[in-house]
Amino acid sequence: MEKRKTVFVEGPIRPSFIANSIEKHQTKTTIGAHDIFLGQVRADEIDGNTVQAIEYSAYKDMAEEKFHEIREATFDKYDLTCMHIYHSLGKVKAGEICLFVFVSSPHRRAAFEALEFLVEEIKKDVPVFGKEIFEDETHVWKVNN
């Protein structure tokens, strides 16, 4: 059985991590296009309270399996060279990155289309849960949309 890379990162996904991921692809000369999605925690206002952070949790094994299925389906459907998916667990403050999806392809159209497909499938099917935390430490469970 192949060794799968874990998708989950503890805490926010740092800009330096994103930059390093991009930089590593400079040696891959069959790539003609990259496309990147960065999900960022918004300071939404809900019932008069402002979201300060989201605390992410997941059924890790189930979520990792779903990420793998989505990854394989995306590779089957689009001409991609490589793909990276990282999702935060734990507390991520408003303004910080919680989801980093990076696809590479010989051509831009496949990268654009694959990225949109991938992000929509992740949001729809992966059992990751977000507890939106307000300034007074009360919370509500996030609804994906």
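1. Basis of the comments. The model is predicted, and local features need pLDDT of at least 70, side-chain atom pairs count only at pLDDT 80 or more, while totals for chains, interfaces and linings use all residues. Residues are numbered from 1 along each chain as its sequence is written, and side-chain values use heavy atoms, with hydrogens and water left out.

2. The main core. A nonpolar core is taken here as a set of buried Ala, Val, Leu, Ile, Met, Phe, Trp, Tyr and Cys residues joined through side-chain atoms within 4.5 Å, where buried means under 20% relative accessible area, exposed over 50% and partly exposed in between (1.4 Å probe, protein chains only). The largest such core has 29 residues, and those with the most contacts inside it are I85, V101, L118 and I122. Two or more residues each come from β4 (49–58), α2 (60–77), β5 (82–93), β6 (97–105), α3 (108–125) and β7 (128–134); these elements are DSSP runs numbered from the N terminus, helices being H or I of at least four residues and strands E of at least two. The most is given by α3, with six residues.

3. With neighbours within four places in sequence left aside, I85 is in contact (heavy atoms within 4.5 Å) with V7, F67, L99, F100, V101, L118 and I122. Another core, of six residues, lies apart from the largest one and includes I13, I18, Y86 and F102.

4. S88. This serine is found in strand β5 and is buried, its relative accessible area being 0%. A polar atom of the S88 side chain lies 2.7 Å from the backbone oxygen of G11.

5. Cysteines. With a disulfide defined as a pair of cysteine sulfur atoms within 2.5 Å, the count comes to zero. C82 is buried at a relative accessible area of 10%, and C98 is buried at 7%.

6. I133. This residue belongs to strand β7 and is buried, with a relative accessible area of 7%. Although I133 and N49 are 84 residues apart in sequence, their C-alpha atoms are 9.3 Å apart in space. Leaving aside neighbours within four places in sequence, I133 is in contact with T50, V51, Q52, A53, E55, K91, T138 and H139.

Key:
Polar contact = N/O pair within 3.5 Å; in protein donor to acceptor, adjacent residues only side chain to side chain.
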